[in-house]
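User: I am new to reading protein models. Could you take me through some features, one at a time?

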Amino acid sequence: MPFFQPSVSPLPENISLRGQTAIVTGASQGIGTEIVAQLLERSISTVVLAVRNVAKGEEARKAILGRPSVKKGMDTKAVVKVMKLEAEDYGSVKSFADDFSKEFGELHLLMLNAGIGILERDILPTTHEKTIQVNYLSNVLLLLLLYPLLTNTATTTGTPTRITWTGSRMHTSSSLLTGKKPLAPSSTVLGHFDSKESWVPFTRYGDSKLLCLLFMYEMTNHDDGGKVVQNSFCPGMVNTGMSDVLPIYLRVPVNMVKALRARSVDVAGWVALNTAVVVGGESHGQFYADKEVVEPAPWFRSAEGRRVQKMLWNETVDEMAKYTKVPAWMKKV
Ligand SMILES: NC(=O)c1ccc[n+]([C@@H]2O[C@H](COP(=O)([O-])OP(=O)(O)OC[C@H]3O[C@@H](n4cnc5c(N)ncnc54)[C@H](OP(=O)(O)O)[C@@H]3O)[C@@H](O)[C@H]2O)c1
């Protein structure tokens, strides 16, 4: 992408999401908050802000509902609810999915948006490295727990439901793609990313986004999207608080670059909603950079890329089987 990012066109005027129910993870700030606001502007009937910090989520909810554009577009009977989801903890993901399913009983749109970009290595009680847990593993568990609801809603309405990942072009900077830390022939993919020896701070964010994409590509080999359309998008560089966690010596230059080239969150919202509600079934298994489909980098088609994709899938099936009943179609390859 050039230094100065191209402009993105706004969404079509005539989108109505009336009657639909959505979950947006990581909705307490940044792109997630904006996605919630833009869904409400288009009259969505129910939207749940899935957040790790409920008090902060309530503040975000209040701010969203105070926006004139939201007041103008929203369904006056819309349900806008904050619910706890801590992606560091599989138990919290399960409680969220259980509570949501019991309370709402239908789901049209799941936006897997929560994410971190940190430079410290931390191993969580789940035994996994934090960025991989938050950005990849917990998202997969949430997706699987809610998949029956997405399928049932599609059956009832006769219209496919949707899963949209907030991805990133940075997946191509993964240490696997650049060869900085190739996967040893004897290593597992998850074991590789959990190990201290394979820790590369500046590529870990890209590593986590690569795993999300590999999972989506493999999952869409098993499932034709007839009931649940799944896709992913990158909104480019966006002016959010994501870089606030960086050490000061990095935050200053990053913020200077952001000041010059970052997009505003409303543009990121347009890109998100384009992928989630504008493009159709043809988008199943596709990664969008802004509003354009991007073909996978050559690495994905290489023998190594295919090996890693299969290994990750099989390891993820085993990992998820510890926490939920893995669906029959999720066969190992
Ligand atoms: N900004 C960009 O340039 C850019 C570009 C491409 C893709 N993205 C992706 O866009 C998504 C949103 O990022 P953003 O830019 O909006 O960043 P952000 O402002 O930092 O928002 C991240 C959101 O994720 C939540 N979150 C973090 N850790 C969590 C956890 N353990 N459990 C549950 N929620 C958690 C945060 O909650 P708290 O408020 O509690 O921290 C926050 O709501 C991420 O997936 C990111 O990778 C961003």
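User: Let me start with S198. Which backbone oxygen lies 3.1 Å from a polar atom of its side chain?

Analyst: This is a predicted model, so read each distance as computed from it. The backbone oxygen belongs to H192. S198 itself lies in the loop between α7 (189-194) and α8.

User: Is S198 buried or exposed?

Analyst: Look at the relative accessibility. Buried means under 20%. S198 has 8%, so it counts as buried.

User: Next, salt bridges. What is the general idea, and how many are in the whole structure?

Analyst: Side chains of opposite charge can pair when their charged atoms come close. A search of the whole structure finds 12 salt bridges. Take R67 and E34 as one case: their side chains meet at 3.0 Å, N to O.

User: Where do R67 and E34 lie, and how far apart are they in sequence?

Analyst: R67 lies in the loop between α2 (54-66) and α3 (68-73), while E34 is in helix α1 (residues 30-41). They belong to parts 33 residues apart in sequence, so the pair ties those parts together. Now check the surroundings. R67 is partly exposed, at 25% relative accessibility. E34 is buried, with a relative accessible area of 5%.

User: Which residue does R204 meet in a salt bridge?

Analyst: R204 meets E129, and the N to O distance is 2.9 Å. R204 lies in helix α8 (residues 204-222), and E129 in the loop between β4 (109-112) and α5 (130-157). The pair therefore ties together parts 75 residues apart in sequence. Both R204 and E129 are buried.

User: And which residue does D318 pair with?

Analyst: D318 forms a salt bridge with K332. Their closest N and O atoms are 2.8 Å apart. D318 lies in helix α12 (residues 303-321), and K332 in the segment after α12. Those parts are 14 residues apart in sequence, so this pair ties them together. D318 counts as partly exposed, at 38% relative accessibility. K332 also counts as partly exposed, at 46%.

User: Which residues do salt bridges with shared partners join into one network?

Analyst: The network is made of E129, R204 and D207.

User: How do I read the ligand site? How many residues surround the ligand?

Analyst: Start with the shell: 28 residues surround the ligand. The closest are S28, R52, K56, Y205 and T240. Then ask which elements contribute. α1 and α8 each supply at least two residues of the shell.

User: Which backbone atoms lie 3.1 Å and 2.7 Å from an oxygen atom of the ligand?

Analyst: At 3.1 Å there is a backbone N or O atom of G26. At 2.7 Å there is one of V238. A polar backbone atom of G115 is 3.4 Å from an oxygen atom of the ligand. As for cover, the ligand taken alone exposes 890 Å², and the protein buries 93% of that.

Notes
Residues are numbered from 1 along each chain as its sequence is written. This is a predicted model: local features need pLDDT of at least 70, side-chain atom pairs count only at pLDDT 80 or more; totals for chains, interfaces and linings use all residues. Side-chain values use heavy atoms; hydrogens and water are left out. A salt bridge is a side-chain nitrogen of Lys or Arg within 4 Å of a carboxyl oxygen of Asp or Glu. Helices (H or I, at least four residues) and strands (E, at least two) are DSSP runs, numbered from the N terminus. Buried means under 20% relative accessible area, exposed over 50%, partly exposed in between (1.4 Å probe, protein chains only). A residue is near a molecule or strand if one of its heavy atoms lies within 4 Å of it. A polar contact is a pair of N or O atoms within 3.5 Å; within protein, one must be able to donate a hydrogen and the other to accept it, and residues adjacent in sequence count only if both atoms are side-chain atoms. Accessible areas come from the Shrake-Rupley method with a 1.4 Å probe; for residues, only the protein chains shown count as cover.
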